[in-house]
Amino acid sequence: MLLVNLLNDTVVIMVDSVDTTQVAIEEGRWLLLIHQIPPKPDYLRVKVRRRLQQIGAVPLKNSVYVLPRSDDAMEDFQWLRRVVVDDGGEATICAASFINGPNNQEVESMFRAQSDVEYGEIIDAARIAETHPTDADIRRLNRRLAQAQACDFFKAKRAEAAARAIDNVENNHAQRQRVEHAGTGVDSAHPRGDTWVTRTGVFVDRIASAWLIKRFIDDAAQFKFVPAKGYRPKPGELRFDMFEGEFTHEGDKCTFEVLITRFAIADPALHAIAEIIHDIDCKDDKYRRDETAGVESVIRGIAIAYTDDTARVEAGTTLFNGLYAAFE
């Protein structure tokens, strides 16, 4: 037996010899999407099924799916309902409680089982990649793990095992890089918690390089901004985009490109960003990427909005995080 509260201002309660007082206590813990998809267009059924998998909905029947009630779940189901209805189908969203049939614990077990299947596939993929992992493998595994965790509403048993499997891949990858780059002059051993020094008035290359350092090279990095001339570095400080700095322009490469090369970062998304930074900073139109003009405009806006270097780097971090996600 199911208590259903249709979320279109109509309430329907189906009760068969049950205590309605107890029913009210449990009302509305779940959201249901009840839908009927027309035979055409063919892609609609695939699109809806794929989206239901992405949001972690569990099938109760062929056309009835359930999620724990939340604002996010409501938004996801509303989007799906609109997709179905716009293509000629029918869909209803309900707040529901289970009276007879599956109880709450059994429905939770269905969610855990679904999550454990996904975690198991991640573990298997990690084991395959573990011997010769690449940066692309690690990014792909972490994306899958993040998606699985977002849909793991009731703490499935294999969650920690999946995370450990990816840790093993990352550790093996780091070890292989250290071995491969030993004695090649590449700075394969990443710094940890160092002070990175650059000139005040940071602009595109220094803002982007600070983001690169913090996210991909030294996540505990501290930054210091000093005058362009006359600064004497203290022991242990690393200078970037400065005259005689440890990391600065080399040949026709901007500092961002030099950092990627010196730390052997094989990431296509970062190399795409490097082409944008190069053309803005070096002004030679070497790569001519479509995104360059837009990124330059945003960077100029940041420089106008903020005079403080730390604030510029923080604003740039938001920009480059979004740009990296788009390229990734």
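Predicted model: local features only at pLDDT ≥ 70, side-chain atom pairs only at ≥ 80, totals over all residues.
A residue counts as exposed when its relative accessible area is over 50%, as buried when that area is under 20%, and as partly exposed in between. The protein has 328 residues, of which 41% are buried. Its secondary structure consists of 11 helices and 9 strands.

**Overall picture**

- Of the contacts between residues at least 6 apart in sequence, 70% join residues at least 24 apart.
- The structure contains 20 salt bridges.

- K283 is found in the loop between α9 and α10 (292-305).
- The relative accessibility of K283 is 65%, so K283 counts as exposed.
- K283 has a positive phi of about 55°, although it is not a glycine.
- R288 is also found in the loop between α9 and α10.
- R288 has a relative accessible area of 64% and is therefore exposed.
- R288 is not a glycine either, yet its phi is positive, at about 55°.

**Helix α2 and its surroundings**

- Helix α2 covers residues 42-55, and within it L44, V48, L52 and I55 are buried.
- Seen down the axis of α2, these buried residues fall within an arc of 75°, so they line one face of the helix.
- An α-helix has 3.6 residues a turn, so residues three or four places apart point the same way.
- D42 and Q53 are exposed on the other side of α2.
- The buried residues of α2 pack against two strands, β3 (30-36) and β5 (64-68), and against two helices, α3 (71-86) and α5 (135-150).
- In the loop between β3 and α2 lies P41.
- The peptide bond from K40 to P41 is cis, with omega near 0°.
- Just after α2, G56 takes a positive phi of about 85°.

**Salt bridges**

- R144 and E118 form a salt bridge in which the closest N and O atoms are 3.1 Å apart.
- This pair links distant parts of the chain, for R144 is in helix α5 and E118 is in helix α4 (residues 104-129), 26 residues apart.
- Both partners are partly exposed: R144 has a relative accessibility of 28%, and E118 has a relative accessible area of 25%.
- D267 forms a salt bridge with R139, with 3.4 Å between the closest N and O atoms.
- D267 lies in the loop between α8 (255-262) and α9 (268-282), while R139 is in helix α5, so the pair ties together parts that are 128 residues apart in sequence.
- D267 is buried, with a relative accessible area of 5%, and R139 counts as buried at 16% relative accessibility.
- R262 and E250 meet through their side chains in a salt bridge of 3.1 Å from N to O.
- R262 is in helix α8 and E250 is in the loop between β9 (238-239) and α8, 12 residues apart.
- With a relative accessible area of 39%, E250 is partly exposed.

- D205 is located in helix α7 (residues 204-217).
- D205 is buried but has no salt bridge, and R199, the nearest side chain of opposite charge, is 6.7 Å away.
- A salt bridge requires a side-chain nitrogen of Lys or Arg within 4 Å of a carboxyl oxygen of Asp or Glu.
- The side chain of D205 does make a polar contact, at 3.3 Å, with the side chain of H249.
- Apart from neighbours within four places in sequence, the residues in contact with D205 are D241, H249, C254, T255, F256, I277 and D281.

**The buried proline P191**

- P191 lies in the loop between α6 (159-181) and β7 (195-199).
- The relative accessible area of P191 is 15%, which means that P191 is buried.
- Not counting residues up to four places away in sequence, P191 touches W196, I217, D218, L238 and F263.
- P191 and D219 are 28 residues apart along the chain, and their C-alpha atoms are separated by 9.0 Å.

Notes:
Residues numbered from 1 in each chain as written. Heavy atoms only, no water. Buried < 20%, exposed > 50% of the residue type's maximum accessible area, 1.4 Å probe, protein only. Helix = DSSP H or I, 4+ residues; strand = E, 2+ residues; numbered from the N terminus. Arc of directions from axis to C-beta. Contact = heavy atoms within 4.5 Å. Lys, Arg positive; Asp, Glu negative; His and termini not counted. Polar contact = N/O pair within 3.5 Å; in protein donor to acceptor, adjacent residues only side chain to side chain.
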